[in-house]
Amino acid sequence: MKKIVLLSLALLVVSATLAAQQNSTVQEKQQQPSEQEMAMVQRINEAQMSGGDSDFYEAQQAYIDYLESRQEWDKYYRTWLNRVIYEVNHKRFHRAFAEIHYITEHIKEFHQEQYLYIPNMGLGFFYNGSNLPEMGEKFFRRALQGIDVKKEPVAVFNVYLSLAQSLSFKRPAEAMACLDSLPQQMLANPMYESGVLGYRCIIANKMGDREAFYRYFAKYDSIRQNLPAQFNAANLQQVMVCHHLMQNDYRQALAWCDSLDVPLVATELRINVYEQMGDWERAFRGSQLKDSLVHADERETLELQFADMAHDIDLLQAEQDKAEMQRIQLVIVGVMAVAIIALLIGMLVYRHRKNRRLKEQFLMLQEARRSTEAGQAIRRAFVSTIQQKLKSPINVLMGYARIFNNPSFLLKPEERPKRYNDILAAARNIESLIDPVLDSFAQGTTGITDEERNICMEALRSPLLTLMSTTEIIIDGHGQIPRDEYIQLRAIVCHNAYHVATSTHQLILFSLYGDDIPTPKQDRAELNEIVRSILNSYDHHPSAISNIDKDLNVTTAFKTDVADDVIVYVSPLLQDLLNCLLNNADKYATGGTVLVGCHDDGDGTYSISVTNEGPVIPANVAERIFEPFVRLSSDERSLGIGLPLARHLAISMGYNITLDLEYTNGARFVVTGI
């Protein structure tokens, strides 16, 4: 996961500062604030949360004047620092820098040098907000050197917390160690503790330490639930985004992103969510928005540099008495101002043009996407209609294949014409829909080449024609075909009926789900029970899948190491997925048992394996078998779509399928992530 920018730390520090003023510590030996003072602090809090600049400035100035009149310099300068943080959070760096300068001048004028750590903290916030964490670290360390640890535990707490923010950008482990250095007596206050725990959660998430994250989150959420009035919500949105990403709950993660009122932070959080989701298109759009926000910050920083340079020149001019020197300096200032303004204008024009091009490309991409989605929706609706039309003839063929697969079942001579006419009608119905099925498949996101279309035609039409011609022979020879010859013809009908039915069904499913669109898993079931049910309903057709002259004794069995009360959420497509694997296992089994197993993977997920006894698949083709229409043997005439369909169905349900290369007695396929 990429880093999460932690600009909300400034809000945490502000809350800590104001809380310290409202609840003075024993170490500082301050008197309890008056009702008037508490009302002023409350007014600042409300104005800050409401986002109204004029209300905040007015409330803060009133409180500063009150503190100055009482000469309470510690609160006075911390409240002034609050103004700097407010400007940084709102990306007004020029104002923030000017306020830091005024604080420094005031400290010098009133000889309060013990509070010089305050402007150093302000510069730390300034550079962190300007995406220069190395400079922020430098000034926070300077601030630590100027603080009396015993007299100013609140200040030490805030500086260590701010220093951790600077370190977290590139050195999260050091940031966590920095949090370990916080004064422990401060953490007895739930407001401070919850703020630090929230920040620990964010850093642990960035380090990928799941155990540490859940340990800190448990304490953090406990304070949030049980002590809401004392809970520090400065980084709540970022912590909850991390929490839901840990659980792969992307919808809730995005909802928490939407609750953030800092555009850059919200945008970077959304990019993290989209990248973990694999939604690269929205991640790209988020990156574009992030770039535009960063460009705006860079532009304001450049303006600040110009203002700072002009200020230095003004000071130099004030120190010079000679008019000629003043004139030269004014010319220099004018030239530099024109040059910088020209540079700013050039940058703005360039960025405007670039953003316009990006916007045009974005709109084109949106239009193309809408067109594609509309076309895919129409195609999927068309395929679904074909699927409904094919359901009845496929069921007819599967039903008769199931019956004819039992050698002891015999039709009475007078029953044969009716039954075989049903088979012939179903086969002709499927034949009439083969071309529309292939056309719809060709228009999907995966598409097929002419060669692949020919493979489909060969794999479907050849057994279909054989099925129809054999059925017609049986119908025409009613009552005249010897028993042995009739049994052989019926085996051919069984083989081709099953082949046509399963191949057509798989091709329809591949056309519908070959684009890996996520499928909801809404059915709640016991894992062992659902797998047993699928296995029991599976039609075991060794003669229909392998060579009809091949007499194989293949059986099926179920084995599990999962408790019967384990509940999972599944999709109805799980049955089609396992049927594909069972068909493949039957097709290549040389005897023995096709074993279906359920396994506990030990990480909170489960897996299903399907194993047969037969030829071993070489490691160099372990991935090729999952490509559609791939035939490993030149003699093979199958559709070659069973395993690719199984993988696409698995992906659409959030699973994965692999070939177990360590199994050497045949082939074992494992579905993981259940």
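The structure is a predicted model, and every value below was computed from it.

In soluble globular proteins, nonpolar side chains tend to be buried together. In this model the largest nonpolar core has 89 residues, and those with the most contacts inside it are L397, Y420, L527, L577, L581 and F669. Helix α19, which runs over residues 483-513, supplies the largest share of this core, namely 14 residues. Apart from this core lies another one, of 87 residues, which includes F56, F93, I202 and L236.

The surroundings of F669 can be followed residue by residue. When its neighbours within four places in sequence are left aside, F669 is in contact with L581, N584, I608, S609, V610 and I617, and also with I625, F626, L643, I657, T658 and L659. One of these partners, L581, is itself listed with F669 among the residues that have the most contacts inside the largest core.

## Two helices

Helix α22 covers residues 573-588, and at 1.5 Å a residue its 16 residues should span 22 Å, which agrees with the 23 Å between its end C-alpha atoms. Of the 16 residues of α22, 13 are buried, so this helix is largely enclosed by the rest of the structure. C580 is buried, because its relative accessible area of 4% is under 20%.

Helix α11 covers residues 210-226, and its 17 residues, taken at 1.5 Å each, should span 24 Å, in agreement with the 24 Å that separate its end C-alpha atoms. Which residues of α11 are buried? They are A212, F213, Y216, F217, Y220 and I223. These residues cover an arc of only 125° around the axis, so they lie on the same side of α11. An α-helix has 3.6 residues a turn, so residues three or four places apart point the same way. The face of α11 turned away from its buried side carries the exposed residues E211, Q225 and N226, while the cover over the buried residues includes α9 (172-180), α10 (190-207) and α12 (236-246).

## Salt bridges

Side chains of opposite charge can pair when their charged atoms come close.

| E99 | R83 | 3.6 Å |

D180 is partly exposed, with a relative accessible area of 48%, whereas R200 counts as buried at 10% relative accessibility.

E623 is partly exposed at 49% relative accessibility, and R647 is buried at 15%.

## Single residues

Where does H111 lie? H111 is found in the loop between α5 (93-109) and α6 (117-129), and its phi is near 55°, a positive value in a residue other than glycine. H111 is exposed, with a relative accessible area of 59%. N131 is not a glycine either, and it has a positive phi of about 60°. N131 is located in the loop between α6 and α7 (133-145), and at 33% relative accessibility N131 counts as partly exposed.

As for cysteines, C178 counts as buried at 5% relative accessibility. The count of disulfides in the model comes to zero.

Technical notes:
Residues are numbered from 1 along each chain as its sequence is written. This is a predicted model: local features need pLDDT of at least 70, side-chain atom pairs count only at pLDDT 80 or more; totals for chains, interfaces and linings use all residues. Side-chain values use heavy atoms; hydrogens and water are left out. Helices (H or I, at least four residues) and strands (E, at least two) are DSSP runs, numbered from the N terminus. The expected span of a helix is 1.5 Å times one less than its number of residues. Buried means under 20% relative accessible area, exposed over 50%, partly exposed in between (1.4 Å probe, protein chains only). A disulfide is a pair of cysteine sulfur atoms within 2.5 Å. A nonpolar core is a set of buried Ala, Val, Leu, Ile, Met, Phe, Trp, Tyr and Cys residues joined through side-chain atoms within 4.5 Å. Contact means heavy atoms within 4.5 Å. The arc is that of the directions from the helix axis to the C-beta atoms. A salt bridge is a side-chain nitrogen of Lys or Arg within 4 Å of a carboxyl oxygen of Asp or Glu.
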